[in-house]
Amino acid sequence: MRRRQQPPLPKRHGLDPARLRLPEEGDWATIRDHLVERLPRVRPERIDELLREGGIVDLTGPIALDTPYAPGGAVWFHRDLPTETEVPFPIGIVHRDDDILVVDKPHFLSTIPRGQHILQTALVKLRRELDLPDLVPAHRLDRVTAGLVMFIVNPARRGAYQTMFHKRLVFKEYEAIAGYDPALELPRTIISRIVKEKQVLQAYEAEGEPNAETLVELLEHRDGLGRYRLRPRTGRTHQLRLHMNSLGIPILGDDFYPELTDKPVDDYTRPLQLLASTLEFTDPITREPRRFRTARTLRAWDDYAGWQRD
């Protein structure tokens, strides 16, 4: 297995520097000229500032404004961070050992850095708060979904645990709160084809070979609401939300289905009532059975009026 090249810059805020490989072909006179063309979202003045400060480096050290272009080389730098509003909810620790970390992620916290969410993500917070700079996720959970997420502590075990998720050897169970329809026959297995296009926020179901499967069960109901257990066999983007919506019972607090709502990222009211409640698997290292349960509950079931107000 090819070893990952060690970045020549240290981590910052728990994050590795960005790495850009320089194309073999090109007519740029300097690396600076290439970066200005390569990074259109970064002002040329900011690139010049980074070069003057020594913030852009190759394997030999900082790059100057007039450093000649080097085909096939690579440069590293730390991207400027977006302005973020703190997500004011704690991450619960469910289990920690030398190999894995299982946490109870709150609603509104992304699992990994992406787009406008960098420091306010579970991965960066955990790396910094627990002093685990090599921590990586074994899988991901949507920003608006709460519940169990597993991370890998020991870099030597990454392949074993990530492969376990890729091969669908992990039993996952979710809870959801949605409307109750007495005419809906449950339990039911929903099988469909889900398509998610780049740069499009909503996924959709389409004709074609199925790629998504979810077992939906009604656990109990009262006052027009139902508490549901969802058992996905696949992990398509927004799968549970789409399948519940296809039954005519969209999950409470869903700002994507059936209609896309323009909700500000710092609006923490009426969280999606979807919870990753159980992770169960045979440990690929110890061969022992593992089962983890969330300590969280979905507020709309116990206090619907309070959930609406918050």
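Before we zoom in, keep in mind that this is a predicted model.

Stop 1: Start with the second largest pocket, whose lining by class has 12 nonpolar, three polar and eight charged residues. The space in that pocket comes to about 640 Å³. To find the middle of it, select Val42, Phe77, Arg79, Asp80 and Leu81, which are the closest to its centre among the 23 lining residues.

**Stop 2: a sheet.** Now select β1, β2, β3 and β4. Here you have an open sheet of four strands, in the order β1-β4-β2-β3, with antiparallel pairing. Which strands stand at the edges? Those are β1 (18-21) and β3 (61-62); each has a single partner strand, so one side of each is left without a neighbour in the sheet.

Zoom in on β2 (residues 56-58), which runs antiparallel to β3 and is joined to it by two bridges. Click on Val57 and look across: Pro62 in β3 stands opposite.

Helix α1 lies across β1, β2 and β4 (74-77), and runs at about 110° to β1.

**Stop 3: a cavity.** How many cavities of 30 Å³ or more turn up in the whole structure? A search finds one. The largest cavity holds about 30 Å³ of space. Sorted by class, the lining of the largest cavity has five nonpolar, two polar and one charged residues.

**Stop 4: two cis peptide bonds.** Pick Leu186 and Pro187, which are joined by a cis peptide bond with omega at about 5°. You'll find Pro187 in the loop between β9 and β10 (188-195). Then jump to Tyr257 and Pro258, where the peptide bond is also cis, with omega near 5°. Pro258 sits in the loop between α5 (239-246) and β14.

**Stop 5: positive phi angles.** Stay in the loop between α5 and β14 and click on Arg270. Arg270 isn't a glycine, yet its phi is positive, at about 45°. Is Arg270 buried, partly exposed or exposed? With 38% relative accessibility, Arg270 counts as partly exposed.

Finish in the segment before β1, where you'll find His13. His13 is not a glycine either, and has a positive phi of about 55°. His13 is partly exposed too, with a relative accessible area of 32%.

How values were computed. Residues are numbered from 1 along each chain as its sequence is written. This is a predicted model: local features need pLDDT of at least 70, side-chain atom pairs count only at pLDDT 80 or more; totals for chains, interfaces and linings use all residues. Side-chain values use heavy atoms; hydrogens and water are left out. Two strands pair if DSSP finds at least two bridges between them. Contact means heavy atoms within 4.5 Å. Axes are lines fitted to C-alpha atoms, for helices over the stretch in contact, and angles run from 0 to 180 degrees between N-to-C directions. On a 1 Å grid over the protein atoms alone, a cavity is a set of points where a 1.4 Å probe fits but cannot get out, and a pocket is an open set with protein on both sides within 12 Å along at least five of seven lines; lining residues have an atom within 4 Å of a point. Grid points are joined across faces, edges and corners, and a volume is the space filled by probe spheres set on the points. Ala, Val, Leu, Ile, Met, Phe, Trp, Tyr, Cys and Pro count as nonpolar, Asp, Glu, Lys and Arg as charged, and the others, Gly among them, as polar. Buried means under 20% relative accessible area, exposed over 50%, partly exposed in between (1.4 Å probe, protein chains only).
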